[in-house]
Amino acid sequence: MNKRLSALIALPIILAGCSSAAVKPVNDQVITEKQNALCSALGDSQKMKQVYPDLLKQKWDRYAYGCGALYQYELAQDSWFGITLKAEALASQISYLDILSKQYPRIYQEGEAARELSKEWFATKARAESLISSLDRYDWLAAEIPLLHGAYLIVSVEKEATVKESFKVIPHARTLLQESVADDPAAGDALGYLLLGRLAMSLPTFFGGDIDKATDYFEKGVKQAPDNLEMLRWLTEAYLNQRQHEKANLALTDAVAVMARATINIQDKADLMTDLGGLALRLNRQDALGVFSAERQKLLSENPYLLDRKYHASLGHGGTDPVTGKDANEI
Amino acid sequence: MKTFISTISLGLLLAQAALAAELTVKSGSSIQAVVNQAQPGDTILVEPGRYVQSVYIDKPNITIRGLSRDGKFAQLDGEKRLNDGIIASGHGVIIDGFHVTGYKGNGIMTQGANNFKIINNVVHGAFYSIFPQYGKNGLIQGNTISGAEDAGIYVGMSDNIDIIGNKAFENVMGLELENTRFGVMANNEVFNNSTGVVLSLVPGLPVKTATDLVVRDNIIRDNNLKNFAPSSSIAATVPEGVGIIVVGPDNVTISGNTIEGHKTAGLMVSDIYSFGLGGDSKVDPFSENVRILENVWIDNGKAPFGVLGEVFEAADLKNVEVFSTGKELSSCISQSGLNTVGLDKWTQCDRSVPAYFQSALLKDGAEEPKYTKEQKGRLAYLAVCTGCHTYNTVLHGPSIMSIKALYGDDTEALVKYISAPVRRRTDFPEMPPQDYMGKETLNSIAHYILFDLTE
């Protein structure tokens, strides 16, 4: 179906972002006031159709991507039987939730920015759920539909969710993903294996987490999609965390080779270069680190609008090292 | 000849001793003024009284001691207006005997100070009550800390730190070692916090490791306080009702503690992903070599609540003394007969392996590098400014981006404002004057903000 989905979908975070108090949506509408004001093509089908594909490339610009996802949603809702359009619109809402989740800061945020983020989060969820309710009846048609549904469930509890909500959706998400990979393991560039692997890596063992299973899923994923750079990133990390250094090194070497021909979104690529660079450091692979670092610097200098994901200090915490002046998160 | 040389040596010693002065701050007068006069090696005695001040020490080997007399103390009071009580970046600083209350940010903080001692203080409130960061070889002993909205004693990104004989209660976290290497927590009493002790490796920070940490011979009891951290801070996600939490560090030894009365669990060991702290591939997410030796466990896990309570309910877990997310490598536990979850891959500890080191302090002390103007600017910015300002969002004051846009390259104008702020916008609280830091430090901060700090 579409390879856009395969890039960097967020994973359930069991405790961070969670509280035990019930979380009420700030806005149960599918569009926020700010988006209503910002997304000027709303209501004009021709215009929306014309502009949304380009907007959906702009993962570095939350507002641009948000308008693109909204336009695609509106067009999908207007299309009575457009299963493909609805599925692609759902994929865009999922990607947008991932973009929004990265906007939540590490340490502390309150005020208008936080409130706006929360509104967008719930509005996007409302759109996704509306699309799912029209698509679910067709899950027998294509493996991508349970795949998207499972992916949505996972990202939907990334933020603004209680622990109860997280624990409720995870088994259902896992079942949907397993159905999808049983039907078509290559769907969405082996996204099912990627998400199953990340679930297995991030959950406690008493809730189905299992690092050996995670490795197995990533290995299967690489077989289905050998050019999936993100899969190789996670396979490398899985091997590294199991202290299988030889295999980790091989996976990292494959990642270097794949990197040159990877045709993923440039924001995703810049982010992956940081991740892969970190793994290269842990493996003491200066050769690979040099390659990823050079590619990242090239991307950032040729595309200065890309987000460099710098973590700024707040409350006496984080940011660059004050003694060295260096940003330790850069590669 | 030998006698002559000895006389010279003795003379030099006596000369140095004579050079180290003892300065006194009269009750209610400016502590900073005396700090500014002091020379390295001096002792500053602060008379009992109330001091509504912030104090900044950036010269080495200063001892600042709050005196007590007839039940009265040297009390630093921020009146819930001022952000920081005492901030020190001078090596060899000793902060002793103060009562510190009413500060919004940090009660006592050291930034980049090596060979420090924070001893015998009583600190109440603030976001972090005692917060040494980027330090090497430090002792935190004999303090009483309460009411912190994050951690009572919060050691960040430091090496060789002893936390000994303190009392921590009614904080969100009692004691914390974060991204720290070689640390000992011993003989502390930690009670009535939301969580007692936290050993953590937090991703995304400048220091990427946490290792060789010992928690021994502490009384850790009844830490069941409802988490009262601001809902928008990371501390709000700290689970309640747990005695000790280990998230990510390696080579951890837990021994000889009494762990009692925690409603959720006695001890929790988690990997970074399960704890919700992913996103930094430079950091190893799974702990290695966690050793739980002989401890006394009494009545833990009887009534799980809060965030972990919901996890336990969902997984149908009850009466848990020790709970793990199951991803640790090469970890062990000595005691049998405990109610544990997630320890299937753990082994029995090898008793022939030495239990732990008694102290993490360095016999010969740590080196004391002389900080450049740029380093001082960065240290002071991190310690003071980031309490209210972040780079691109609003915290309590305007964003640094907007400040840069306003001032351009005019450091002088920025220093002038910081020294004596004038409230211009009603949507922000009043900024307290920062002139106590001195012109040189303020110039360094202003230069760093306007020229070096980038997105």
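## A walk through chain B and its partner

Start by selecting chain B, where 10 strands form an open sheet with parallel pairing, in the order β3-β6-β9-β12-β15-β18-β21-β24-β27-β30. Because β3 (49-51) and β30 (296-298) of chain B stand at the edges with a single partner strand each, one side of each has no neighbour in the sheet. From one strand to the next, the twist averages 10°; axes here are lines fitted to C-alpha atoms, for helices over the stretch in contact, with angles from 0 to 180 degrees between N-to-C directions.

Before moving on, a few words on what you are looking at. This is a predicted model, in which local features need pLDDT of at least 70 and side-chain atom pairs count only at pLDDT 80 or more, while totals for chains, interfaces and linings use all residues. Residues are numbered from 1 along each chain as its sequence is written, chains are lettered from A and ligands numbered from 1 in the order in which they are written, and side-chain values use heavy atoms, leaving out hydrogens and water. Helices (H or I, at least four residues) and strands (E, at least two) are DSSP runs numbered from the N terminus, and two strands pair if DSSP finds at least two bridges between them.

Which residue of β12(B) stands opposite B:H99? Color B:V122 to see the answer.

**A second sheet.** Now show the 11 strands of chain B that form an open sheet in the order β4-β7-β10-β13-β16-β19-β22-β25-β28-β31-β33, again with parallel pairing. Its edge strands are β4 (55-57) and β33 (340-341) of chain B, and each pairs on one side only. Within this sheet, pick β22 (residues 195-200) and β25 (residues 242-247) of chain B, a parallel pair with 5 bridges. Here B:V198 has B:I245 of β25(B) as its bridge partner.

Select β17 (residues 159-164) and β20 (residues 181-186) of chain B, parallel strands joined by 5 bridges. The bridge partner of B:A186 in β23(B) is B:R216.

**Where the chains meet.** Bring chain A into view. In all, 70 residues of chain B are in contact with 61 residues of chain A, contact meaning heavy atoms within 4.5 Å. Together the two chains bury about 5200 Å², 57% of it on carbon and sulfur atoms; buried area is the accessible area (1.4 Å probe) that two parts lose on being put together, summed over both.

How many salt bridges are there between chain B and chain A? The count is 3, a salt bridge being a side-chain nitrogen of Lys or Arg within 4 Å of a carboxyl oxygen of Asp or Glu. One to zoom in on joins A:R243 and B:D284, with the closest N and O atoms 2.9 Å apart. On the side of chain B that touches chain A, β10, β13, α3 (306-315), β31 (322-324) and α4 each give two or more residues. The largest share, 7 residues, comes from α3(B).

**Last stop, chain A.** Select A:R198 and A:E230, whose side chains meet in a salt bridge (3.7 Å, N to O). The pair links helix α8 (residues 187-202) with helix α10 (residues 229-241) of chain A, the two residues being 32 residues apart.
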